[in-house]
Amino acid sequence: MEVAQEETEKESVLEEESAKFETKNESEVKDTPDFENPTSDIFKKPQLIIGPRRGKVIGKIRSLENKPQEEPAETEEKEIDVTDSNLTDSVETDASVVKTVEIKSCNTVSPAQKIKESSIPLPYKEPKWSGIPEEDYGFEVLKSGKILENIKLNSKSFYVFGRLSTCDIRMAHPTISRYHAVLQYRSQENENDGVGFYIYDLGSTHGTFLNKNRIKPNMYVRVQVGHILKLGLSTRLFVLQGPEKDMEEESELTVTQMKEKRKLELAARELEELEQQRIEEERKQREEEEGIDWGMGEDADEETDLTENPFAATQNEELYINDPKKTLRGWFEREGYDLEYDVEEKGFGQFLCRVELPIESTRGCNVMAEALVKGKKKESVVQCALEACRILDRYGLLRQATHESKKRKAKNWEAEDFYDSDEDTFLDRTGTVEKKRQQRMRAAGKKDPTEVVETYDSLMRPEDVARAVALYDDGRSVRYIANVMNMARSTTHDAIKRYRETLEYTRRPGSGRPSATNPNEDRYMVLRVLRERILPATSVAQQFINMHGRPISAKTVRRRLKASGLISSRPATGPRLLSRMHRVEQLRFANDHRDWRNGQWSCVLFTDESRFNLCSPDGRERVWRRRGERFSQCCISENVPYGVVGVMVWAGVCTDARTELVFVENGRLTADRYITECLADHVPFGQFVGDNFVLMHDNAWPHFAHAVGDYLQEVGIHVLPWPARSPDMNPIEHVWDMLGRHVKNRRPRPESLQELRRALGEEWELIPQEDIANQIESMPRRMDAVIQARWSNTRY
């Protein structure tokens, strides 16, 4: 009875507590808002989230989340993620240098992406001498001369650079590898390496640069305070900050002493190499003098040399383990086959590589070597080559490349009609001998006269297409169908795809005429024109006909040349440098006056003569005409069949003024006429001549007469020595060009010599002095152009 009474009391207490709990829940439900009550609104309004497209990088957004060290936050432009909790303090202390960090409520990397990236293992093992730095170290991130970030380096022993979200310092530049490099701190000192940070490149594709020098992968390189790190082709620079004692010591040697020290080191290294060469030659000579002991000597080596006799060992793996790709390529070349790697990406970071070996299996198809690797693409190729070498070794077909090359001589296949001495076509029932012969002919660049050029129609007949479609509908793969029908996979795939689109087994007729030339012939025409730039298209077409025996037109040649970027144009005119002496003098003048500024060139009076003809087309004129109007009178540029009539003028220009235009008439310009008509009346001297005034005239014979030199010395005018054949350096040549264009643009044009003289005088006065000053101010650029062009003409 007592037990029953206790049980009833317990049940009553439980019922009272449950009733209190239900009333409490009801009061809480009444107090909650409607949007928090799931029963208040059954159908919620969907939330629209608009964000960047997949693969796009969010720019100008920074985030820093307080996460553990294994989950780094994302920073500006998704390039650098910093896990240091003290970064906010550094940002607040130096707000003028470091940009403020905006806290984001959501992470731009999806959880699935994080799980996927966290499954990729880090190819790095922390060394035993690793430790956490006791001093204050940090990175100063620079971009375009601005400081973007300050990263503290005191919380971990090593920091990982990379593109994954699991990296400590994350960068989004496309040239950054998933795991790019590791910054490791060394806390234990030994004889060769001191305490401090070391950079370790993880075999990245685009490399890691320390002070603009690319470091070798998988090797620790010392990084001291003040050194600059650059990853891949990213423009961000990481400058290591820290205590002054970790800075690199400055050398007490001068630049000359350092160069001499380097020369001594190179000389010592060369002497050491010569000494090793001498020792090796003495050893070989000593062995030759001792003669052959036939293995009976006291020091005879009883071990077999596996590199010279690879079949003496039970396992031949050492024949190809060092470089399987080279060994496999050598075997394919010796057998006359083409080596092709078929690499397919199976998943994120997984690659499947296949190589088809020319060996028949028991099923009658070729043996396939495959390798599925989780890592880089080139690693899958190496593993596939290693597996192919193992298969060839099991079949007893593998030969070491070095072993074969020592005993195999270059064979003249053409002398034996590309057949081997032990090959017999009568006993061959599979056609292998003939296939090898055709492969040797293709490798030698020969063409089999009996070989028929296969086309799509000949390869894929309607019955073959129908068979391929039937196999594909039966569930067979394209690879299986291609192997069964002995065709390329691309051809088989295209045939099935075309049938699905057109429901026809035959190929649709092509549109357009086939090209008259192939790519090799197009390349011949381009090279022919590049060797001789003035060769017309008709000559190129005739040479093509003589060489290939097929007619082509000059229009075809022009179209091929235009497709290669070669267009027929008028050649630019320039001075003819007759000898090497002229070029040397021109270059010497430019080097002597390259430091002259505009203030010095403004004191030079540039003088020259020029001739303007009455009727002489300059090649610049163009005419608008319709078809058939080429020889109409309105579309013809008239020329004079007799001597050209014109006027010779002389003038001088400087930055602030110009002389009058002097007409040289009634004969040639002699030294006396040059003094009386040009220099005496128009060149300032006496009280107008300053200390810096210089006269420039070219090397025409009236300018260098003794009488002219005596006159200039008498009046005290200095002459600027000018190199011969250098009109492109004289700015007055462009002034003459301006004058000629102004006269030619006059309407109506001058019809007589008197009208030409009047037009020249009027247009000479109308040329703006600012245009002349601009030409003279280009003298420093002209000197630089001559130096850069060296032995050729400049654009002036």
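Let's start at a turn: G349 takes a positive phi near 75° in the hairpin of β12 and β13, which has two residues between the strands. Before going on, note that this is a predicted model, where local features need pLDDT of at least 70 and side-chain atom pairs count only at pLDDT 80 or more, while totals for chains, interfaces and linings use all residues. Residues are numbered from 1 along each chain as its sequence is written, and side-chain values use heavy atoms, with hydrogens and water left out.

Strands here are DSSP runs of E with at least two residues, helices are H or I runs of at least four, and both are numbered from the N terminus. Two strands count as paired if DSSP finds at least two bridges between them. Strands β12 (residues 342-347) and β13 (residues 350-360) run antiparallel, joined by five bridges, and V343 sits opposite C353 in β13. On to β14 (residues 366-374): nine bridges tie this strand to β13, again antiparallel, and L372 in β14 is the bridge partner of L352.

Now jump to helix α13 (residues 519-531). Its 13 residues reach 18 Å from first C-alpha to last, close to the 18 Å expected at 1.5 Å a residue; that expected span is 1.5 Å times one less than the number of residues. Buried (under 20% relative accessible area, with exposed over 50% and partly exposed in between, using a 1.4 Å probe and protein chains only) describes E521, M525, V526 and V529. Seen down the axis of α13, the buried residues fall within an arc of 140°, so they line one face of the helix; the arc is taken over directions from the helix axis to the C-beta atoms. The face turned away from that buried side carries the exposed P519, N520 and R531.
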